[in-house]
Amino acid sequence: MFGKLSWAAIPFHEPIPLISTAVVAAIMLVALAVVTAKGWWPYLWREWLKSVDHKRIGVMYVTLGFVMLLRGFADALMMRSQQAFAVGSSQGYLPPEHYNQVFSAHGTIMIFFVAMPLVIGLMNFVVPLQLGVRDVAFPVLNSVSFWLTAAGALLVNMSLVIGNFARTGWMGYPPLSGLAFSPDVGVDYYLWSLQISGLGTLFTGVNFVTTILKLRAPGMTYFRMPVFCWTALAANLLIVAAFPILTATFLMLLLDRYLGMHFFTNEAGGNQMMYVNLFWAWGHPEVYVLILPAFGVFSEVAATFSGKPLFSYRSMVLATLAICVLSFMVWLHHFFTMGAGANVNAFFGIMSAIIAVPTGVKVFNWLFTLFRGRIVFATPMLFLIGFIVTFVIGGMTGVLLAVPPINFVLHNSVFLVAHFHNVIIAGTVFGALAGYNYWFPKAFGFTLDDRLGQCSFWCWLIGFYLAFMPLYVLGLMGMTRRLQHIADPSWRPWLLVAGAGAIVIFCGILCQIAQLYVSIRTRERRRDVTGDPWNGRTLEWATSSPPPAYNFAVLPKVETIDAFWEMKRRRRRPATAYEAIEVPHNSATGIVISFFAVVAGFALIWHIWWLAIAGLLAAAATVVAFGWSDEREHRIPAAEVARMERTRVRLGGSA
């Protein structure tokens, strides 16, 4: 009746997972107790959990990303400390099997449940506001997308205490991920959690491509859109094109594991290298799904905090589109060593070098934007400057790895680990933190403490260099990836420095937590009553902080790039001929589907077939029930809109 599930699935003999689970459970119980004692459940259910407002969904995405950052970074600290201590005769404190789970969970969580929610959250919150519209094209689908992502994250965390996680690395390569070498449920947790969250991400891609192409303010042509909207469009086009590849690849691996098929085996016509090929056909566009929105954030920050228009707007847009296309032509550089042949390797090596050109164009555009600008060194600007310096180093090492003969030497070394973190942390993480500090007052109506924000930046920057520059050296010294135990004692000093760097980064995370706490405590004196705390240039700053549910009482008319800056320059007063506005009803569809997705995913992992069928049927019934519902929107009368706008202006918000 319960398939493979039994009491043996609980790791009673392993103290680390049990202690971790106990700590997390205690925190959750305290949080639930506080919410219950304060009587907040009705408000949370009505205004947040059921919300289809793109702004609140964006906030929930970012919150999920930061919560999972704590989990993923805990794994990083464990790996770094294990490598620092497990040298020579010392075996460290993590058994090899547990280390491999931590290693795999770290990569999976950081890519799929930290980086993706952070960039999608920023896009959710900002893009409709910058486009001058009232919501995304499909608000309920947007809620479903978020809750499916949260469902995948929950399944990954359940593996900590019920069963185990994959021991294959975050890429899940066969034959290690096949049934012969991974007969337990670890790989199944990996596959089903990513299938569920990947479906939500694909829905997001469809939603935002439709929104950007079809829902823009009057007069906003493509070449009047803010650069962040362009980068969001490019990233979501990549999602729509690339994520079906990952879904199909995981489905084939699931068929190998569940039905004994041979897509990725060495017998019966299978080919394990085809998995690697398909995975990276998704995987390299995925890198740009993460990086391109961060590029958009930095473009907005550069223009705002230098008091100048972005240098060479059109070249920035064309560079974004060039990266979008070229990202599908470089995936084989992830496995030059597979033996594809000199001609194939040469082509992908050349393309990998060429894709650095549009990125270089962007770097020079940001520098020229800052040149002779009236620069304000607020926290978002510091993240921009730190990004430029650090990302250029990562880009140069990337071009180095694009040369096939050099790649043959460095491919399986920690040099590659250093390069990957060099571009992802400097690009995606710095970009997300810059966007978080930049748009926080728009979301909540008060600014963040800049002093603690700058402390966080310096900890992240210094910690990054301490944590990953030693890995470049160790890679050149011959240290390979995925090591649980270090045989060469000469590597230990570098690993100790890397461990110290991880601790400094952790201090940066603590500064962010302190920044949020202090800012909330002192929010009254940080209140943004203008809606435009940074003297911004784009339309999100044309409405109040936080914006009303309908974003704009009257849709703005756009006549140029930097539409809000032009409105301020011309001292143009907004129209006050209000009309009735239709806004979507909140819906429990997303959270209900997510619940049944977790049930079905858990049942499929443990081979509880009756529960899996019940969960899938219940999710399908929820979709049908929503489809039959005809109460999807409610109408705010023009008089009510006028009253709300008068109240907002009286309180100091932008008209």
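Trainee: Is R372 buried or exposed?

Mentor: Start with the scale: buried means under 20% relative accessible area, exposed over 50%, and partly exposed in between, using a 1.4 Å probe and protein chains only. R372 has 75% relative accessibility, so R372 counts as exposed. Keep in mind that this is a predicted model, where local features need pLDDT of at least 70, side-chain atom pairs count only at pLDDT 80 or more, and totals for chains, interfaces and linings use all residues. Residues are numbered from 1 along each chain as its sequence is written, and side-chain values use heavy atoms, with hydrogens and water left out.

Trainee: Where does R372 lie, and what is its phi?

Mentor: Helices (H or I, at least four residues) and strands (E, at least two) are DSSP runs, numbered from the N terminus. R372 lies in the loop between α11 (356-370) and α12 (379-401). Most residues other than glycine have a negative phi. R372, however, has a positive phi, near 60°. R482 also has a positive phi, near 65°; R482 is found in the loop between α15 and α16 and is partly exposed, with a relative accessible area of 35%.

Trainee: Which peptide bonds are cis?

Mentor: As a general idea, most peptide bonds are trans. Here a cis bond joins P174 and P175, with omega about 5°, and P175 sits in the loop between α5 and α6. The bond from S545 to P546 is cis too, with omega near -10°; P546 is in the loop between α16 and α17 (563-569).

Trainee: What does Q484 touch?

Mentor: Contact means heavy atoms within 4.5 Å. Not counting residues up to four places away in sequence, Q484 touches Q82, A86, Q91, L94, P95, P96 and Y99. Q484 is in the loop between α15 (450-477) and α16 (492-521), yet counts as buried at 12% relative accessibility. A polar atom of its side chain lies 2.8 Å from the backbone oxygen of L94.

Trainee: How are the rings of Y99 and F103 arranged?

Mentor: Rings of Phe, Tyr and Trp (its six-membered ring) pair if their centres lie within 6.5 Å; planes under 30 degrees apart count as stacked, over 60 as edge-to-face and the rest as tilted. The whole structure holds 51 aromatic pairs. Y99 and F103 are stacked, at 6.4 Å centre to centre with 25° between the planes. They are four residues apart in helix α4 (residues 96-131), and so separated by about one helical turn. Y99 is buried at 1%, while F103 is partly exposed at 23%.

Trainee: And which arrangement do Y189 and W606 have?

Mentor: Their ring centres are 6.4 Å apart and their planes at 85°, so the pair is edge-to-face. This pair links distant parts of the chain, with Y189 in helix α6 (residues 186-214) and W606 in helix α18 (residues 589-606), 417 residues apart. Y189 is buried at 0%, and W606 is buried at 5%.

Trainee: Where does R314 sit?

Mentor: A charge sits over a ring if NZ of Lys or CZ of Arg is within 6 Å of the ring centre and within 35 degrees of the ring normal. The charged end of R314 sits over the ring of F223, 4.3 Å from its centre. Likewise, R56 lies over the face of W48, 4.8 Å from the ring centre.

Terms used: A polar contact is a pair of N or O atoms within 3.5 Å; within protein, one must be able to donate a hydrogen and the other to accept it, and residues adjacent in sequence count only if both atoms are side-chain atoms.
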